Amino acid sequence: MQGDVAASLAHLRDLERSAVALGGSEHRSLDVLVVGCGQTPRELVGFGARNRVTGIDLDVVPSGFAPRAYLQLLRENGPVRVAKTLGRKALGIDRKFSAEMARQLGTTVSSPTVLQMDAAKMTFPDASFDLVYSYSVFEHLPDPASVLAEMARVLRPRGVGFVSAHYWTSESGAHDIRVFAGDRDEISLWAHLRPARREETTENTYLNYWRVQQYRDLYAGVPNGHVEVEFHEPDRLAVLSDELTRLRAAGELAEFTDEELLGVNISVIWRKPAD
């Protein structure tokens, strides 16, 4: 838990430094929107220590003891989602995460506002937020362009927007839960991209299968957007590079670029022009 929180805070601090470099404000006393906040409190809690934070998600996100919310979650998102959420609550994972976040920040953390909302059809007025943020969500969207347009719409002039998408073509791009849990003994590298190995993977969520160039084309429409690509840590990158060389020598994965296979996330950060 301690390391997980530290990693989340390091990411948010990197984002803040990038936002300040663009001429934006430090993340204090801002109106912040987290698009696709999910069931876990990571960015909501991190931003909420010093800002007014709103999270939106297409799923129902229960807070505390809320029987009606859990019934709605069951109706709209099914029993598996309810079981996962109740299990996490019963184990106190969210509470412990928030407490550890507050400890590392040295301050109290307030409960953010979380709304069920379609990110492609937000109900917020124009120019409602100083910072609009989305991390590892766009790969799950059927229409990323509409969501990006909505994020730009609700962002105030001189506000900062940030989107990071996880590569479908990365070695973890299939979103098989075993890969994220560090248990990949039964799964070959890039199995979801290799016809002979595809049966080894199981997607645990909807994916739009966007390729890297599609994200580059999407991000190109953002005024003054700065695009960055995140690769694996050096040790992991070396292992993957060696394996990729071996597979290509065997005639596999020739249709994908090195960036697509060795990258993890592609992000864009921008400052909205003044009116």
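**Exercise 1. Strands E1 and E4**

Find how many bridges join E1 to E4 in this predicted model, and say whether the two strands run parallel or antiparallel.

*Solution.* Step one: count the bridges. Three of them join E1 to E4. Step two: compare directions. The two strands run parallel. Step three: pick out a facing residue. Val32 stands opposite Leu131 in E4.

**Exercise 2. One side of H7**

Which residues of H7 are buried, and on which side of H7 do they lie, the same or opposite ones?

*Solution.* First list the buried residues: Val212, Tyr215, Leu218 and Tyr219. Then look around the axis. These residues cover an arc of only 125°, so they sit on the same side of H7. Finally, see what they pack against. Their partners are H5, E5, E6, helix H9 (258-262) and E7.

**Exercise 3. The largest nonpolar core**

Identify the members of the largest nonpolar core that touch the most other members.

*Solution.* The core has 29 residues. Leu33, Val35, Met122 and Phe138 touch the most other members. Now trace where the core comes from. At least two residues each are supplied by strand E1 (31-35), strand E4 (129-135), helix H5 (144-154), strand E5 (155-166), helix H7 (212-219) and strand E7 (263-271). Apart from this core lies another, of 15 residues, including Leu15, Leu30, Val34 and Ile269. Then zoom in on Met122. Beyond four places in sequence, Met122 touches Leu33, Val35, Ile56, Met117, Glu150, Met151, Arg153 and Val154.

**Exercise 4. Arg194**

Is Arg194 buried or exposed?

*Solution.* Locate the residue. Arg194 is in the loop between helix H6 (177-180) and H7. Take its relative accessible area: 6%. Buried means under 20%. Therefore Arg194 is buried. Now list its contacts, leaving aside neighbours within four places in sequence. They are Ser188, Leu189, Leu247, Glu252 and Leu253.

Terms used. Residues numbered from 1 in each chain as written. Predicted model: local features only at pLDDT ≥ 70, side-chain atom pairs only at ≥ 80, totals over all residues. Heavy atoms only, no water. Core = buried A, V, L, I, M, F, W, Y, C linked by side-chain atoms within 4.5 Å. Buried < 20%, exposed > 50% of the residue type's maximum accessible area, 1.4 Å probe, protein only. Helix = DSSP H or I, 4+ residues; strand = E, 2+ residues; numbered from the N terminus. Contact = heavy atoms within 4.5 Å. Pairing = 2+ DSSP bridges. Arc of directions from axis to C-beta.
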